[in-house]
Amino acid sequence: MTNTDDFVQCTTDTQQLPYKEFAGTMEQSPNDHRQHKLIRLSNNLQVLCTHDPHTSMAAASMTVNVGTFIDPPELPGLAHLLEHMLLMGSEKYPNEDDYNMFVSNNGGNQNASTYDSITTYHFHTAHHAMEGALDRLAAAFINPRFAPECIDREVNAVDSEYKGLQQDDEMYLQQLKKSLETTRWTS
């Protein structure tokens with residue numbers, strides 16, 4: 001956990017947007033040649049930025065504290081469905097495949113995974129496309145489209161993924177942990 005006092009106020013170069021940068025000491029392996037910077041945005045989102053001069057790609061990953069354990073008993077798979085739907089268009093980028101195509105057309109790929117208590121979204125792309133890819137990912141969280149014409153198809157996709165994992169030991173363990181979870185979704 002980082003101390004609030006260890007952050008100093010800064011602004012971005014081009015748009016003069018405020019953020020705070022961690023000024024304390026971060027532990028780093030002597031074998032890690034990358035440069036790391038921890039920043040806190042005005043909405044309190046903490047971001048670890050890593051610069052690796054030896055790679056030709058840029059990448060980002062974001063984890064949210066929502067997973068399958070929040071599924072109401074009557075709607076199993078809801079968190080996974082939201083993972084799918086979230087990246088299928090936004091108010092700013094309404095085309096359902098815009099994010100995926102932008103990343104792909106710039107030499108990268110994207111994916112997401114829903115776990116018990118978290119969901120992770122990640123992508124990698126060419127350096128010059130990083131800002132555009134981040135903007136599309138952010139737009140999905142700011143104002144997702146949740147297009148009605150996509151819901152049935154994605155419900156079927158989530159159901160198909162679930163059925164394909166039914167014989168998987170990890171799926172059994174996840175279901176057991178969920179059944180033992182005492183905190184349930186409440187309206």
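Reply: Let us begin with terms: on a 1 Å grid over the protein atoms alone, a cavity is a set of points where a 1.4 Å probe fits but cannot get out, whereas a pocket is an open set with protein on both sides within 12 Å along at least five of seven lines, and lining residues have an atom within 4 Å of a point. Grid points are joined across faces, edges and corners, and a volume is the space filled by probe spheres set on the points. This is a predicted model, in which local features need pLDDT of at least 70 and side-chain atom pairs count only at pLDDT 80 or more, while totals for chains, interfaces and linings use all residues. Residues are numbered from 1 along each chain as its sequence is written, and side-chain values use heavy atoms, with hydrogens and water left out.

Me: How much space lies in the largest pocket, and which residues are closest to its centre?

Reply: The general idea is that rolling a probe the size of a water molecule over the atoms shows where empty space is left. Here the largest pocket holds about 2000 Å³ of space, and of the 39 residues that line it, Ile 39, Val 47, Cys 49, Met 130 and Leu 134 are the closest to its centre.

Me: Which elements supply at least two residues each of that lining, and what is its make-up by class?

Reply: Helices (H or I, at least four residues) and strands (E, at least two) are DSSP runs, numbered from the N terminus. At least two lining residues come from each of β2 (18-22), β3 (35-41), β4 (46-51), β5 (57-64) and α3 (130-142), and α3 gives the most, with eight residues. For the classes, Ala, Val, Leu, Ile, Met, Phe, Trp, Tyr, Cys and Pro count as nonpolar, Asp, Glu, Lys and Arg as charged, and the others, Gly among them, as polar. On that basis the lining of the largest pocket has 20 nonpolar, 13 polar and six charged residues.

Me: How many cavities of 30 Å³ or more does the structure hold, and which residues line the largest cavity?

Reply: The structure holds one cavity of 30 Å³ or more, and about 70 Å³ of space lies in the largest cavity. Its lining includes Leu 86, Tyr 93, Asp 98, Tyr 99, Arg 136 and Ala 140, and the elements that give two or more residues to this lining are α2 (98-105) and α3. By class, the lining of the largest cavity has six nonpolar, three polar and two charged residues.

Me: Is Arg 136 buried or exposed, and with which side chain does it make a polar contact?

Reply: Buried means under 20% relative accessible area, exposed over 50%, and partly exposed in between (1.4 Å probe, protein chains only). Arg 136, which has its place in helix α3, counts as buried at 15% relative accessibility. A polar contact is a pair of N or O atoms within 3.5 Å; within protein, one must be able to donate a hydrogen and the other to accept it, and residues adjacent in sequence count only if both atoms are side-chain atoms. The side chain of Arg 136 makes such a contact with the side chain of Asp 98, at 2.6 Å.

Me: Why is helix α1 described as largely enclosed by the rest of the structure?

Reply: Helix α1 (residues 78-86) is largely enclosed because seven of its nine residues are buried, among them Leu 81, Met 85 and Leu 86. Over the chain, 30% of the 187 residues count as buried.

Me: What is the strand order in the open sheet of four strands, and which strands stand at its edges?

Reply: Two strands pair if DSSP finds at least two bridges between them. The open sheet of four strands has the order β1-β2-β3-β4, with antiparallel pairing; β1 and β4 stand at the edges, each with a single partner strand, so one side of each is left without a neighbour in the sheet. Five bridges join β1 (residues 7-11) to β2, three join β2 to β3, and six join β3 to β4. Cys 10 stands opposite Tyr 19 in β2, and the bridge partner of Tyr 19 in β3 is Leu 41.
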